[in-house]
Amino acid sequence: MRVLGVDPGLTRCGVGVVEGVAGRPLTMLGVGVVRTPADAELGSRLVAIEDGIDEWLDEYRPGFVAVERVFSQHNVRTVMGTAQASAVAMLCAARRGIPVALHTPSEVKAAVTGSGRADKAQIGAMVTRLLRLGAPPKPADAADALALAICHIWRAPAQNRLQQAVAAHRTAYASKGRPA
């Protein structure tokens, strides 16, 4: 499984590609940041993010895109920028027919470090260890993107089984004339 992880942001949008399967060593194929100038017009920034993500999709051809789920913060402006960058990443994937998974920050932290309250340093250290890197990826947005990809690789098989079980349950109930 090859996954492009995207840590959305208007100024720094972290991107990282990880390949592997749950239970086996993972391989980092690429990591970086799509940057936009803070003083640029919003539309131009979103186009730059789109262009950057499209380049990553063209180069690495992932089978899945994992994006950090936007969560409520006190700073509405930050949330809006993050949500806009997130939407661009999802749109780029959708245009190519690539499935998109959203993972919450605490879900990613728990998957990678064992604690949903891990800090940036702990995430960077575990990503470095799990991918057998010489040093933590910089900036933290890049490490977070790799953590998203790792989380998806590890969680996707269980999520797929759960979705299949729910679908089978609904089908069984529907065949008996009952609403699911």
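**Ground rules.** I number residues from 1 along each chain as its sequence is written, and for side-chain values I use heavy atoms, with hydrogens and water left out. Because the model is predicted, I take local features only at pLDDT of at least 70 and side-chain atom pairs only at pLDDT 80 or more, whereas totals for chains, interfaces and linings use all residues.

**Sheet.** I looked up the strand order and found an open sheet of five strands, S3-S2-S1-S4-S5, with mixed pairing; strands (E, at least two residues) and helices (H or I, at least four) are DSSP runs numbered from the N terminus, and two strands pair if DSSP finds at least two bridges between them. S3 (27-35) and S5 (100-103) stand at the edges with a single partner strand each, so one side of each has no neighbour in the sheet. Neighbouring strands are turned by 20 degrees against each other on average, direction ignored. I then checked S1 (residues 2-7) against S4 (residues 64-68): the two run parallel and are joined by four bridges, and Val3 stands opposite Phe64 in S4.

**Helices on the sheet.** I note that H1 lies across S1, S2 (12-19), S3 and S4 and runs at about 165 degrees to S3, where angles run from 0 to 180 degrees between N-to-C directions and axes are lines fitted to C-alpha atoms, for helices over the stretch in contact. H2 also packs on the sheet, touching S1, S4 and S5, with its direction at about 170 degrees to that of S4.

**H1 against H2.** For H1 (residues 42-60) and H2 (residues 76-95) I recorded a packing angle of about 40 degrees, with the axes 9 Å apart. The two are therefore oblique to each other, since angles under 35 degrees count as roughly parallel, over 145 as roughly antiparallel, 65 to 115 as roughly perpendicular and the rest as oblique. In the contact (heavy atoms within 4.5 Å), residues of H1 including Leu46, Ile49 and Ile53 meet residues of H2, among them Ala85, Val88 and Cys92.

**Aromatic pair.** I found one aromatic pair in the structure: Trp56 and Tyr60 are stacked, 5.2 Å centre to centre with 25 degrees between the planes. Rings of Phe, Tyr and Trp (its six-membered ring) pair if their centres lie within 6.5 Å, and planes under 30 degrees apart count as stacked, over 60 as edge-to-face and the rest as tilted.

**Backbone.** The peptide bond from Lys138 to Pro139 is cis, with omega near -10 degrees.
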